[in-house]
Amino acid sequence: MFDFVVKYLGCLKHVPLLPHVFESWLKINSLIFNKKVLDYIDDIESEVLSWKNTSLQIHPYGGIQFNFNKRELGHIHGNGLLDIRFSRRIKSGLIKERKAVPHHIFKNSGWVSFKIQTEEDKVSAIELLRNSYLLQSQRGF
């Protein structure tokens with residue numbers, strides 16, 4: 001359902017509040033069908049907030065955005081889909097190693113997506129976010 005909405009109804013993301021209504025629907029769906037995903041998201045939020053100079057905010061198109069020094073590290077949707085920005089070179093390596101897939105919309109960018117469904121996925125998601133954090137902190141952002 002998520003892929004269908006993003007692919008065919010993505011233009012609706014510009015309608016005020018609609019992305020957040022859709023995000024609420026994703027969370028309700030996760031609550032009913034896989035409550036653990038919401039627990040994993042909470043754990044990821046807590047971990048990222050324990051890192052120096054990090055913060056959370058509502059992502060403009062739904063979900064929770066992770067920031068380092070007010071710059072986005074990535075964001076996570078209520079269905080457990082994590083999106084993170086890397087360089088295209090790093091993205092290529094992550095995809096080759098099967099640690100992530102191309103972003104569900106921005107296929108030709110450095111963005112990757114990662115689906116969180118299990119405890120192991122949560123650990124991998126934290127690792128991906130940590131890599132993004134370390135890269136940005138080394139650049140001095």
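Tutor: Let's start with a definition: two strands pair if DSSP finds at least two bridges between them. Keep in mind that we are looking at a predicted model.

Student: What makes E3 and E4 a pair?

Tutor: There are three bridges between E3 and E4, and the rule asks for at least two, so the two strands count as paired. They run in the antiparallel sense. As for residues that face each other, His-75 stands opposite Asp-83 in E4. Helix H5 packs on the sheet and touches E1, E2, E3, E4 and E6, with its direction at about 20° to that of E4.

Student: In what order do the six strands form the sheet?

Tutor: The order is E1-E2-E3-E4-E6-E5, the sheet is open, and the pairing is antiparallel.

Student: What makes E1 and E5 edge strands?

Tutor: Strand E1 (54–58) and E5 each pair on one side only.

Student: Now the inside. Which residues of the largest nonpolar core touch the most other members?

Tutor: This core has 26 residues, and the ones with the most contacts to other members are Ile-44, Phe-66, Ile-76, Leu-82, Ile-84, Ile-116 and Leu-129. At least two core residues each come from H3 (35–49), E2 (64–68), E3 (71–76), E4 (81–85), H4 (88–96), E6 (111–115) and H5 (119–139). H3 gives the largest share, six residues.

Student: What does Ile-44 touch?

Tutor: Leaving aside residues up to four places away in sequence, Ile-44 touches Phe-66, Ile-76, Ile-116, Lys-122, Ala-125, Ile-126 and Leu-129.

Student: How many aromatic pairs are there?

Tutor: The count comes to three. In one of them, Trp-51 and Tyr-133 have their ring centres 5.2 Å apart and their planes at 40°. Trp-51 is in the loop between H3 and E1, while Tyr-133 is in helix H5, 82 residues apart.

Student: Why is the pair of Phe-68 and Tyr-133 called edge-to-face?

Tutor: Their centres are 4.9 Å apart and their planes stand at 80°. Phe-68 is in strand E2 and Tyr-133 in helix H5, 65 residues apart.

Student: What sits over the ring of Trp-51?

Tutor: The charged end of Arg-130 does, 4.9 Å from the ring centre.

Student: Why is Asn-69 called partly exposed?

Tutor: Asn-69 has 33% relative accessibility. That value falls between the cut-offs of 20% and 50%, so Asn-69 is partly exposed. Asn-69 lies in the loop between E2 and E3 and has a positive phi of about 50°, although it is not a glycine.

Student: Is Arg-98 buried or exposed?

Tutor: Its relative accessible area is 77%; the cut-off for exposed is over 50%, so Arg-98 is exposed. Arg-98 is found in the loop between H4 and strand E5 (101–102), and its phi is also positive, near 60°.

Notes. Residues numbered from 1 in each chain as written. Predicted model: local features only at pLDDT ≥ 70, side-chain atom pairs only at ≥ 80, totals over all residues. Heavy atoms only, no water. Core = buried A, V, L, I, M, F, W, Y, C linked by side-chain atoms within 4.5 Å. Buried < 20%, exposed > 50% of the residue type's maximum accessible area, 1.4 Å probe, protein only. Helix = DSSP H or I, 4+ residues; strand = E, 2+ residues; numbered from the N terminus. Contact = heavy atoms within 4.5 Å. Axes fitted to C-alpha atoms, helices over the stretch in contact; angles between N-to-C directions. Phe/Tyr/Trp six-rings, centres within 6.5 Å; stacked < 30°, edge-to-face > 60°. Lys NZ or Arg CZ within 6 Å of the ring centre and 35° of its normal.
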